[in-house]
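Trainee: I'd like to go through the labels on this one and hear what stands behind each of them. Can we take them one at a time?

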Amino acid sequence: MEPEKYTVSGYDATRASNYDDESKLDKGNRELHRQYLYDVLLFNNKTPGSFLELGCGTAYFTDVFYELYPNVKGVLVDGSKEMLDIAAEKFTDPGTRATFKHYLFEYLDWDDIGTGFDIIFSSIAIHHLNDKEKWDLFHQIYNNLAPGGIFILYDVFRHPNPKSFEILEYLACMDSRRKLVEDIGIDLDLEELKIENIISNDRRIKLAEGDKEASLEHQLLHLNKAGFADITTFLQDARFAGTIAFKN
């Protein structure tokens, strides 16, 4: 398989090493998102034999699975080799059953990754795909879950209504601005911290990273089309949402 089928652009060693710190600033309330994942897994009230994480990044959320299920078999997939290297450093205990796979979502080899997972989880990764690729991946996820399995999707979405989009963008950027001021101690009077400049920079970054967010409604619709009958959005934090879909 050609290297471009494995590697995502924009996540070199420097970006990967800074990713967790950057995420605290621009990806909503990460601690709350982590707690919700923990609680949703507890609610599911089943001990999984396996889980797949699509877009594991630096394994910020992966700890939750091993905290709850120390013996679970995990397969962690990411398109950045540098991110995977950081993730692997967190699971060096030989008793931890974690396997790391380097793939872009468009070229997942399920024969290599595995199938029949009890849980598939993805956080802030699928929005990089175009809509057709997203919906195709939803079908693949459904087909590779075990009966009774669950898919938990954390991702950003784009509201189709312009005014609703603007307020969610504004709230997300105000949150980033507040964290820059409070957590890092940056001077509030700096030109860069004017909200219009933070919004402009946010848009520039999204354009550079090729973000292709779908609406939340379209995500739910296509999860249903993939075969999931019971779907619930359990968390919304500005333009970030957490959704769980159950396979019968």
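What follows is a talk about how labels follow from values.

Mentor: Ground rules first: this is a predicted model, where local features need pLDDT of at least 70 and side-chain atom pairs count only at pLDDT 80 or more, while totals for chains, interfaces and linings use all residues. Residues are numbered from 1 along each chain as its sequence is written, and side-chain values use heavy atoms, with hydrogens and water left out.

Trainee: Okay, what makes strand 1 and strand 2 a pair?

Mentor: Two strands pair if DSSP finds at least two bridges between them. Strand 1 (residues 50-54) and strand 2 have five bridges, in the parallel sense, so they meet the rule. Phe51 stands opposite Gly74 of strand 2.

Trainee: Why is the crossover from strand 1 to strand 2 called right-handed?

Mentor: The label applies if, with the strands pointing away from the viewer, the path from the first strand over the helix to the second runs clockwise. Here the chain goes from strand 1 through helix 3 (residues 62-68) to strand 2, and this β-α-β crossover is right-handed. Strand 2, helix 4 (residues 81-89) and strand 3 also make a right-handed β-α-β unit.

Trainee: What makes strand 2 "mostly covered"?

Mentor: Five of the six residues of strand 2 (residues 73-78) are buried. Buried means under 20% relative accessible area, exposed means over 50%, and partly exposed is in between (1.4 Å probe, protein chains only).

Trainee: Why say that the buried residues line one face of helix 6?

Mentor: The buried ones are Lys134, Trp135, Leu137, Phe138, Ile141 and Tyr142. Seen down the axis of helix 6, the buried residues fall within an arc of 155°, so they line one face. The arc is that of the directions from the helix axis to the C-beta atoms. An α-helix has 3.6 residues a turn, so residues three or four places apart point the same way. On the other side of helix 6, Lys132 and Asn143 are exposed.

Trainee: What do the buried residues of helix 6 pack against?

Mentor: They pack against strand 1, strand 4 (117-123), strand 5 (145-156) and helix 9 (216-226). Contact there means heavy atoms within 4.5 Å.

Trainee: What makes the phi of Asn45 worth a flag?

Mentor: Most residues other than glycine have a negative phi. Asn45 has phi near 55°, a positive value. Asn45 sits in the loop between helix 2 (30-44) and strand 1. Ile124, in the loop between strand 4 and helix 6, also has a positive phi, near 45°.

Trainee: Are Asn45 and Ile124 buried or exposed?

Mentor: Asn45 has a relative accessible area of 69%, so it is exposed. Ile124 has 12%, so it is buried.

Trainee: Why is Arg239 called buried?

Mentor: Its relative accessible area is 11%, so the label is buried. Arg239 is in the loop between strand 6 (230-237) and strand 7 (240-246).

Trainee: What makes the link between Arg239 and Asp202 a polar contact?

Mentor: A polar contact is a pair of N or O atoms within 3.5 Å; within protein, one must be able to donate a hydrogen and the other to accept it, and residues adjacent in sequence count only if both atoms are side-chain atoms. The side chains of Arg239 and Asp202 make one at 2.8 Å. Lys27 and Asp26 are joined by a polar contact of 3.2 Å between their side chains.

Trainee: Last one: why is Thr233 called partly exposed?

Mentor: Thr233, in strand 6, has 32% relative accessibility, so it counts as partly exposed. Its side chain makes a polar contact of 3.1 Å with the side chain of Thr243.

Key: Helix = DSSP H or I, 4+ residues; strand = E, 2+ residues; numbered from the N terminus.
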